[in-house]
Amino acid sequence: FLYVQDGPGGQPAMMAATEVDVAGGLRITPAIATTHDAITAVVSDVTTTTCVPVFQGRTIEGTVVYIDALFPSPGDACGTAVTSWGFRVDLSDLEPGMYSVELRLFDAGDVRLGSRVLYRSHLFVAETLYRLMLPLVVQG
């Protein structure tokens with residue numbers, strides 16, 4: 001896809017995007033959106049125990065959107081089994097701009113350790129997008 005948007009001073013600015021499915025990680029749909037689109041972040045992965053991260057909330061600090069999840073304490077009753085986990089987070093209320101979206105994982109065993117960023121992705125939210133379909137010409 002080729003997207004054209006209003007740039008600074010009204011000049012058109014072009015952007016290209018490709019959406020790729022991932023088995024684990026952070027996927028934002030659509031990758032380039034408008035303020036009128038339903039924007040969703042899907043976080044998923046696999047762990048080697050039955051204890052999986054739990055969604056805690058979403059915070060915005062400037063141009064960074066943090067998706068916070070809490071990983072259970074090692075002392076919790078967790079079995080040993082490969083377990084997939086995931087959740088969806090609505091991002092539809094973002095203002096126009098370029099954002100870094102990050103999954104922050106907190107450890108319930110020791111919150112003093114702070115958090116670590118497990119996944120990071122980028123999102124562009126525009127006021128308006130113009131989608132152009134260009135003809136494909138093949139010469140034989």
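Predicted model: local features only at pLDDT ≥ 70, side-chain atom pairs only at ≥ 80, totals over all residues.
**Ground rules.** I number residues from 1 along each chain as its sequence is written, and I use heavy atoms for side-chain values, leaving out hydrogens and water.

Entry 1: Strands (E, at least two residues) are DSSP runs, numbered from the N terminus. I noted the general rule that in soluble globular proteins nonpolar side chains tend to be buried together.

**Entry 2: Phe87.** Is phenylalanine 87 buried or exposed? I read a relative accessible area of 14%, so phenylalanine 87 is buried. Buried means under 20% relative accessible area, exposed over 50%, and partly exposed in between, with a 1.4 Å probe and protein chains only. I listed its contacts (heavy atoms within 4.5 Å). Leaving out residues up to four places away in sequence, Phe87 touches Ala41, Val42, Val43, Phe55, Ile67, Ala69 and Leu103.

**Entry 3: ring pairs.** I counted 2 aromatic pairs in the structure. Rings of Phe, Tyr and Trp (its six-membered ring) pair if their centres lie within 6.5 Å; planes under 30 degrees apart count as stacked, over 60 as edge-to-face and the rest as tilted. Phe55 and Phe87 form a tilted pair, 5.3 Å centre to centre with 45 degrees between the planes. Phe55 lies in strand E6 (residues 54-61) and Phe87 in strand E8, so the pair ties together parts that are 32 residues apart in sequence. Phe55 is partly exposed, at 34% relative accessible area. I also found that Phe55, Trp85 and Phe87 form one aromatic cluster.

**Entry 4: the sheet.** In what order do the 5 strands of the open sheet stand? I read E4-E10-E9-E7-E6, with mixed pairing. Strands pair if DSSP finds at least two bridges between them. E4 (32-34) and E6 are at the edges with a single partner strand each, so one side of each has no neighbour in the sheet. E6 and E7 pair in the antiparallel sense over 7 bridges.

Conventions:
Helix = DSSP H or I, 4+ residues; strand = E, 2+ residues; numbered from the N terminus.
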